[in-house]
Amino acid sequence: MRVAIIGAGIVGLATAHALLDRGHEVVLIEPGGKQGRPTDGNAGWIAHTDVMPLASPKAWRNLPRWLMDPLGPLTIRPGYLPHLAPWLVRFLLASSPSRIKASIGAIRAINAEALPAWKSLLSSLDLSGHLRENGILSVWRHQSDFNRSRDIFERQRSFGIEVEALSPAALAELEPALHNVEAAVLYPDACHVSDPAVLAADLLRLALERRAIPVTAHATRIEPTDGAVRVHTDGSGPPVVADQIVIAAGIWSRVLAAQLGDRIPLDTERGYNATYPKGTLEIGRPIMFEGEGFVTTPLDTGDRVGGAVEFAGLEAPPNHSRTDAMVQRLTRFLPHLQSEPAAKRWMGFRPSIPDSLPVIGPAGRDWRVIYAFGHGHYGLTQAAITSRLVADLVERKSVGIDLKPFATQRF
Ligand SMILES: Cc1cc2nc3c(=O)[nH]c(=O)nc-3n(C[C@H](O)[C@H](O)[C@H](O)COP(=O)(O)OP(=O)(O)OC[C@H]3O[C@@H](n4cnc5c(N)ncnc54)[C@H](O)[C@@H]3O)c2cc1C
């Protein structure tokens, strides 16, 4: 079969390999050089141990404090509020106990397969060297906040996820540079990648070596016809004609899905980061600073602090006072950072759906178009398992996971 994939971010690239593995001809439509594509600047976590949707009690607990602070972990630019209103309404609806429970079940179903899928993809391409299996830490500034999170650990343990509570001595031995932390847990099975941009570049190089056909252009219009599906582009070549299309264009998928009659509540949670020279943060593994809205990762190419959620759409310029505020808050935990020179700063567009579940499934009106977007905070984590599900859908095979919670029809 000839399959055209729109978007060669991490989800599109993993999908290209899943389809090439099964002997399909793959066309990769990708303009290249898109500013702020999250594939390149994310924190590099394979966070398969996470089970909570964004619309969780944890978020609601922190929300009032966050919204009071214009440079805090979560902001909505006032001018963007009218555009965001429908998304926010769905976010509210996704926060009922029954909906949260359903989201947790669906997140767990996909995340349970996420790391095995990555390991199998990376090993088949001889890229296993990208995985760093040092575990991931969550730390709390106040014991009282940690105590309120205990139900999350219980839930994780009930799913078979290992969660190790650390004594202050054990934490000091593991991460001696950390200060002002009253409680910590280690997820020994969580891991990260060497550098997400380098991983994506390797996946692209290998896809092309495996004879994926590159089309360097934006897909502008999808035209289903009786025989095949045509993808019109802004390039100089003729439309791409394929038996099947996969839309994996992150936040930019919304417009393409709308053309096909699917109004998906996809918006962007803009995220920020700062990357220091390798070794600056003096940390041995990724760390989640609970309640602060940022994480740190020792990537091979530099030490990154990243996070924040800003609702301001695709057009507003980055507000790097947000990055600076994040770094400032990090100095509470890593005081030596105060004397470090400024880091490289970045802003990117998480493609987010209010119930924290991606859209994986056929377009509402045409099974020949498969959607694979909206992975929000977990697009790297879930890319490999998504690619396997998409390949099954393309081949009309039954998939091992209940895809109803991920379907377009849920909106
Ligand atoms: C600060 C931050 C930290 C994060 N940390 C993590 C993390 O640690 N772990 C994790 O799992 N996730 C993390 N994420 C989320 C993750 O990065 C995203 O979910 C993921 O990158 C989405 O990948 P994607 O391939 O769907 O989309 P994208 O990365 O947006 O890629 C989409 C691609 O489509 C292309 N495209 C766009 N329009 C068109 C068009 N019309 N035609 C053809 N191509 C098009 C773009 O050029 C781009 O290459 C983080 C995100 C941010 C912002």
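Predicted model: local features only at pLDDT ≥ 70, side-chain atom pairs only at ≥ 80, totals over all residues.
**View 1. The shell around the ligand.** Let's begin with the ligand, which is surrounded by 40 residues. Which of them are the closest? They are Gly-7, Gly-9, Gly-250, Gly-271 and Gly-379. Several elements contribute at least two residues each to this shell: helix H1 (10–21), helix H2 (38–41) and helix H13 (379–394), together with strand S15 (267–276) and strand S19 (344–352). Sorted by class, the shell around the ligand holds 19 nonpolar residues, 17 polar residues and 4 charged residues.

**View 2. The open sheet S11-S12-S13.** Here you can follow 3 strands, in the order S11-S12-S13, that pair in the antiparallel sense as an open sheet. Strand S11 (219–224) and strand S13 (240–242) are the edge strands, and each of them pairs on one side only. From one strand to the next, the twist averages 20 degrees. Take a look at the antiparallel pair formed by S11 and strand S12 (residues 229–233), which is joined over 5 bridges. For Pro-224, the bridge partner in S12 is Val-229.

**View 3. The open sheet S3-S9-S5.** This view turns to another open sheet of 3 strands, with antiparallel pairing and the order S3-S9-S5. How many bridges join S5 to strand S9 (residues 191–193)? There are 2 bridges, and the two strands run antiparallel.

Note on methods:
Residues numbered from 1 in each chain as written. Near = placed C-beta within 6 Å. Helix = DSSP H or I, 4+ residues; strand = E, 2+ residues; numbered from the N terminus. Nonpolar A, V, L, I, M, F, W, Y, C, P; charged D, E, K, R; others polar. Pairing = 2+ DSSP bridges. Axes fitted to C-alpha atoms, helices over the stretch in contact; angles between N-to-C directions.
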